[in-house]
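Trainee: I have a model open and would like to learn how to read it. Please take me through it feature by feature.

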Amino acid sequence: MVNRCVLCESSLETHSHLFFECPYSAAIWRAIAVWLKISPDTSLPHLFHWYKVYNRGQGLVKKQRRCALMCALYLVWHERNKRIFKGIQATPVTIIRKIKVLVLLRLSSL
Ligand SMILES: [Zn+2]
C-alpha cells in the first residue's frame with residue numbers, strides 16, 4: 001500500500017490517522033489524557049476544541065496540557081521519521097515516558 005502508516009502498518013497515512021486515529025498514537029493520547037485528567041476522546045476535532053477553548057491562559061495546569069499536546073505531536077512525528085529513515089522503533093510506553101519527562105522539564109524551567 002502506498003503511503004501506508006509506518007506506526008501500525010495497516011492504514012493509509014493521513015495527518016488525522018497518524019497523529020490521532022492510529023492505534024499507536026491513540027494509545028499515547030489515552031495515557032496522556034489519564035495523566036492530565038482530561039477526556040480520553042482522542043479524535044482530532046475534540047483535541048482541537050479542547051486546546052482552543054480550555055487551554056488559553058497562564059495557569060500551570062494549562063501550560064502543562066499545552067506542552068503535553070505539543071510534545072505528543074512532535075514525538076509521534078519523530079517516531080514516524082525514525083522508523084522510515086533509521087529503522088528504529090520505540091514502543092508507545094517509551095514515547096509516553098519521554099512526553100512526561102519533557103513536560104516536567106519544561107515546567108520546572110518556568
Ligand atoms: Zn497507523
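Trainee: Where is E9 found?

Mentor: First, some ground rules. This is a predicted model, in which local features need pLDDT of at least 70 and side-chain atom pairs count only at pLDDT 80 or more, while totals for chains, interfaces and linings use all residues. Residues are numbered from 1 along each chain as its sequence is written, and side-chain values use heavy atoms, with hydrogens and water left out. Helices are DSSP runs (H or I, at least four residues; strands are E, at least two), numbered from the N terminus. E9 sits in the segment before helix 1.

Trainee: What is the phi of E9?

Mentor: Most residues other than glycine have a negative phi. E9 has a phi near 55 degrees, a positive value in a residue other than glycine. K37 also has a positive phi, near 55 degrees, and K37 lies in the loop between helix 2 and helix 3.

Trainee: Is K37 buried or exposed?

Mentor: Buried means under 20% relative accessible area, exposed over 50%, and partly exposed in between (1.4 Å probe, protein chains only). K37 is at 71%, so it counts as exposed. S43, in the loop between helix 2 and helix 3, is at 29% and therefore partly exposed.

Trainee: Which residues touch the most other members of the largest nonpolar core?

Mentor: A nonpolar core is a set of buried Ala, Val, Leu, Ile, Met, Phe, Trp, Tyr and Cys residues joined through side-chain atoms within 4.5 Å. The largest one here has 28 residues, and those touching the most other members are L7, Y24, I28, I32, I95, I99 and V103. At least two core residues come from each of helix 1 (15-21), helix 2 (23-36), helix 3 (44-54), helix 4 (60-85) and helix 5 (92-108). Helix 4 gives the most, with seven residues.

Trainee: Which residues does I32 touch?

Mentor: Contact means heavy atoms within 4.5 Å. Not counting residues up to four places away in sequence, I32 touches A68, I96 and I99.

Trainee: At what angle do helix 2 and helix 4 cross?

Mentor: Axes are lines fitted to C-alpha atoms, for helices over the stretch in contact, and angles run from 0 to 180 degrees between N-to-C directions. Angles under 35 degrees count as roughly parallel, over 145 as roughly antiparallel, 65 to 115 as roughly perpendicular and the rest as oblique. The axes of helix 2 and helix 4 come within 11 Å and cross at roughly 160 degrees, so the two helices are roughly antiparallel. Among the residues making this contact are I28 and I32 of helix 2 and A68 and A72 of helix 4.

Trainee: How do helix 2 and helix 5 pack?

Mentor: Their angle is about 40 degrees, with the axes 9 Å apart. Helix 2 is therefore oblique to helix 5. The contact includes A31 and W35 from helix 2, and I95 and I99 from helix 5.

Trainee: Which residues does R80 touch?

Mentor: R80 lies in helix 4 and is buried, with a relative accessible area of 14%. Leaving out residues up to four places away in sequence, R80 touches V6, L7, E13 and L18.

Trainee: How many disulfides does the count come to?

Mentor: A disulfide is a pair of cysteine sulfur atoms within 2.5 Å. By this rule the count is zero. As for individual cysteines, C8 is partly exposed at 22% relative accessible area, whereas C22 is buried at 0%.
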